[in-house]
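Please open the structure in a viewer and keep the sequence beside it.

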Amino acid sequence: MLYDPTRHEALQPLAWNEDLARETIRRVVRDTEDRFSADRYWPLHPRDVEADEDRDHVATTLYYGACGVIWALRYLHGFVATASPLIRGRHLLGHEAWAAWQACIFTTITRTAICDGDQASWPTHLVLPGGRASRALMQFCHGAPGFVVCLSDFPGAELDDLLLAAGRAVWAAGPLTKGSNLCHGTGGNGYAFLKLYQRTQDPLWLDRARAFAMHGIAQTDEDAVRHGQMRYSLWTGDPGFAIYLWDCVRGKAVFPTLDAFYV
């Protein structure tokens, strides 16, 4: 199996609602601004604190700290990770250099893919110490969603079948149980659908992205009630998910930091 079913949950049958998506974005931004503290920035979410960490420490990182939250707020007020910059910067490499990289990327991606029927994903590691099996993860940071996001600008059509198979695997797996976040949640996986919509212009992928968006809104609300606060983090929390909602509203696929820093 390409994914671990215990890490996913059934997609809620919620119709796309642009007004609700826009209101959720506004609510996330308002709450994030209201909870800012000049000396502590934002309170850490319980799910962002490791067992051996002090929950009261001040987090400033891009991933789950103040830096990422500030970037997300700035972005919402108007403003296979290594391959992605090579693809984007191919015009700077020259024909021969890019041709070599293109062949290398294509060969690596196709030879490491694990296919199951009309679906595909990639292992978290090619080789693990002691012969241990690689975990079957289906999230942006491990598995098909991140591959689709990072490779969606690959020129030509030679990867299309594999990227579409990866998109079908993301849909079959369903939303993640870890919430709506970008790194290992419903929003990050949903970006694979937005990228496929951008690449193919097939409205099926936009519909699937928006279905994940509505499920993610429900997850965001449930998580806020459960923990008594929103999750102030770009990669693991609500500001990042709000950016995903905005891209679902406008039918675009500008993944935070990965794409936006190139704009």
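**A tour by selection**

Begin by selecting Arg 208, together with Trp 171 and Phe 193: Arg 208 is in contact with both (contact means heavy atoms within 4.5 Å), when its neighbours within four places in sequence are left aside. The model is predicted, so local features need pLDDT of at least 70 and side-chain atom pairs pLDDT 80 or more, while totals for chains, interfaces and linings use all residues. Residues are numbered from 1 along each chain as its sequence is written, and side-chain values use heavy atoms, without hydrogens and water.

Next, display helix α8, residues 203–227, in which Arg 208 is found. Helices (H or I, at least four residues) are DSSP runs, numbered from the N terminus.

Now select Phe 140, Tyr 191, Trp 235, Phe 241, Tyr 244 and Phe 255, which form one aromatic cluster. Rings of Phe, Tyr and Trp (its six-membered ring) pair if their centres lie within 6.5 Å. The structure holds twelve aromatic pairs.

Finally, select the cysteines. How many disulfides does a search of the whole structure find? The search finds zero (a disulfide is a pair of cysteine sulfur atoms within 2.5 Å). The sulfur of Cys 115 is too far for a bond, because the closest cysteine sulfur, in Cys 150, is 19 Å away. Cys 248 is likewise in no disulfide, with the sulfur of Cys 150, the nearest, 18 Å away.

Conventions. Helices (H or I, at least four residues) and strands (E, at least two) are DSSP runs, numbered from the N terminus. Rings of Phe, Tyr and Trp (its six-membered ring) pair if their centres lie within 6.5 Å; planes under 30 degrees apart count as stacked, over 60 as edge-to-face and the rest as tilted.
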